[in-house]
Amino acid sequence: MSTVPYVRRSAGTETELPRVVVPSGEPLVSVIVPALNEARNLPHVLARLPEVDEVILVDGGSTDDTVGVARRLMPGIRVVTQNRRGKGNALACGFAAATGDILVMIDADGSTDPKEIPSFIAALRAGADFAKGTRFTGPGGSADITRLRRAGNKCLSMLVNTMFRTGYSDLCYGYNAFWARHLDVFGLDSTSPAPAGGDGRLWGDGFEIETLLNLRAARARLKIVEVPSFEQARIHGESNLNAMTDGIRVLRTIAREWPRRRSAERIAKGARAERAAGRAR
């Protein structure tokens with residue numbers, strides 16, 4: 001038997017909630033929450049979390065009380081400080097620190113509903129390798145996306161589906177979960193220092209991380225299942241997302257990942273031919 005390694009407190013109170021014991025053999029779930037100056041949003045987000053085995057807050061150098069609020073609301077929460085800048089780097093650092101069998105990524109601004117986590121876990125336990133959130137199928141939706149971003153997302157999804165032979169309905173959404181055993185296929189860098197020049201980010205450190213994960217999951221031929229999700233509007237503060245500049249980064253990500261996809265296909269084809277030749281002998 002394993003116990004949840006922290007005790008959640010009700011938002012705004014000092015009342016401890018009872019520990020929950022999960023049956024032996026159940027997959028352990030780690031939730032990674034990248035955060036930069038989200039002190040006002042964390043009470044809402046953390047209060048809606050279902051019982052999981054580990055919550056990791058990845059702080060991006062907040063100048064407000066983000067870390068203090070998180071620790072007061074959830075004693076035992078693990079706090080990791082990212083080593084570069086950007087959401088992608090925060091997730092890479094959080095994934096590297098996680099100890100669970102299932103890794104779930106949610107946002108700290110209240111846009112991704114933590115109460116949907118069981119749906120992602122159910123998809124993985126039913127056989128998926130990568131559970132990909134989508135706002136554009138079934139009961140999914142968004143109270144936040146603009147017409148420009150919706151149109152851009154649709155065009156980018158169609159481009160990727162043609163180039164990578166995928167069936168994605170929502171390319172640029174950051175609510176995903178996957179089995180930790182597949183972490184290596186994403187090739188994320190959580191150790192290199194920030195480069196001296198430019199904006200201090202390596203490729204994959206920005207919002208392009210969402211596209212990067214989707215493309216590399218497809219390239220690795222993981223079993224991908226889309227999970228309908230409803231995106232809420234950010235509760236407090238302003239988003240760091242820029243539709244134009246981040247859209248360009250997504251396009252560059254697609255262009256950079258395309259040759260790798262072709263190379264992976266050639267390797268897989270050669271391996272199949274070699275196996276066939278071996279059976280013929």
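# A chat about a predicted model

Modeller: The protein chain has an accessible surface of about 13,400 Å², and 53% of that belongs to carbon and sulfur atoms. Accessible areas come from the Shrake-Rupley method with a 1.4 Å probe, and for residues only the protein chains shown count as cover. This is a predicted model, where local features need pLDDT of at least 70 and side-chain atom pairs count only at pLDDT 80 or more, while totals for chains, interfaces and linings use all residues. Residues are numbered from 1 along each chain as its sequence is written, and side-chain values use heavy atoms, with hydrogens and water left out.

Colleague: How many helices and strands does the protein chain have?

Modeller: Seven helices and eleven strands. Both are DSSP runs numbered from the N terminus: helices are H or I with at least four residues, strands are E with at least two.

Colleague: And what percentage of the residues is buried?

Modeller: Of the 281 residues in the protein chain, 47% are buried. Buried means under 20% relative accessible area, exposed means over 50%, and partly exposed is in between (1.4 Å probe, protein chains only).

Colleague: What about contacts between residues at least 6 apart in sequence?

Modeller: Among those in the protein chain, 78% join residues at least 24 apart. Contact means heavy atoms within 4.5 Å.

Colleague: Which residues have the most contacts inside the largest nonpolar core?

Modeller: Val-31, Leu-49, Leu-57, Val-104, Ile-106 and Ile-117, in a core of 34 residues. Such a core is a set of buried Ala, Val, Leu, Ile, Met, Phe, Trp, Tyr and Cys residues joined through side-chain atoms within 4.5 Å. The elements that each supply at least two of its residues include strand S3 (29-35), helix H1 (42-47), strand S4 (54-59) and helix H4 (117-125). H4 gives the largest share, five residues.

Colleague: Which residues of H4 are buried?

Modeller: Ile-117, Phe-120, Ile-121, Ala-123 and Leu-124 are buried in H4. Seen down the axis of H4, the buried residues fall within an arc of 155°, so they line one face of the helix. That arc is taken from the directions from the helix axis to the C-beta atoms.

Colleague: What do they pack against?

Modeller: The buried residues of H4 pack against S3, S6, strand S7 (130-134), S9 and strand S10 (224-228). Just after H4, Gly-127 takes a positive phi of about 130°.

Colleague: Which residues other than glycine have a positive phi?

Modeller: Asn-37 is one of them, with phi near 55°, and Arg-165 also has phi near 55°. Most residues other than glycine have a negative phi. Asn-37 sits in the loop between S3 and H1 and is partly exposed at 35% relative accessibility. Arg-165 is in the loop between H5 and S9, and at 64% relative accessibility it counts as exposed.

Colleague: Thr-166 next. Buried or exposed?

Modeller: Thr-166 is buried, at 17% relative accessible area. The loop holding Thr-166 runs between helix H5 (147-164) and S9. The Thr-166 side chain makes a polar contact with the side chain of Asn-161 at 2.7 Å. A polar contact is a pair of N or O atoms within 3.5 Å; within protein, one must be able to donate a hydrogen and the other to accept it, and residues adjacent in sequence count only if both atoms are side-chain atoms.

Colleague: New topic: how many salt bridges?

Modeller: The whole structure has 17 salt bridges. A salt bridge is a side-chain nitrogen of Lys or Arg within 4 Å of a carboxyl oxygen of Asp or Glu.

Colleague: What does Asp-113 form a salt bridge with?

Modeller: With Arg-48, the closest N and O atoms being 3.0 Å apart. Asp-113 is in the loop between S6 and H4 and Arg-48 in the loop between H1 and S4, so the pair ties together parts 65 residues apart in sequence. Asp-113 is buried at 14% relative accessibility, whereas Arg-48 is partly exposed at 25%.

Colleague: Which residue pairs with Asp-65?

Modeller: Arg-72, with a salt bridge of 2.5 Å from N to O. Asp-65 is partly exposed, at 36% relative accessible area.
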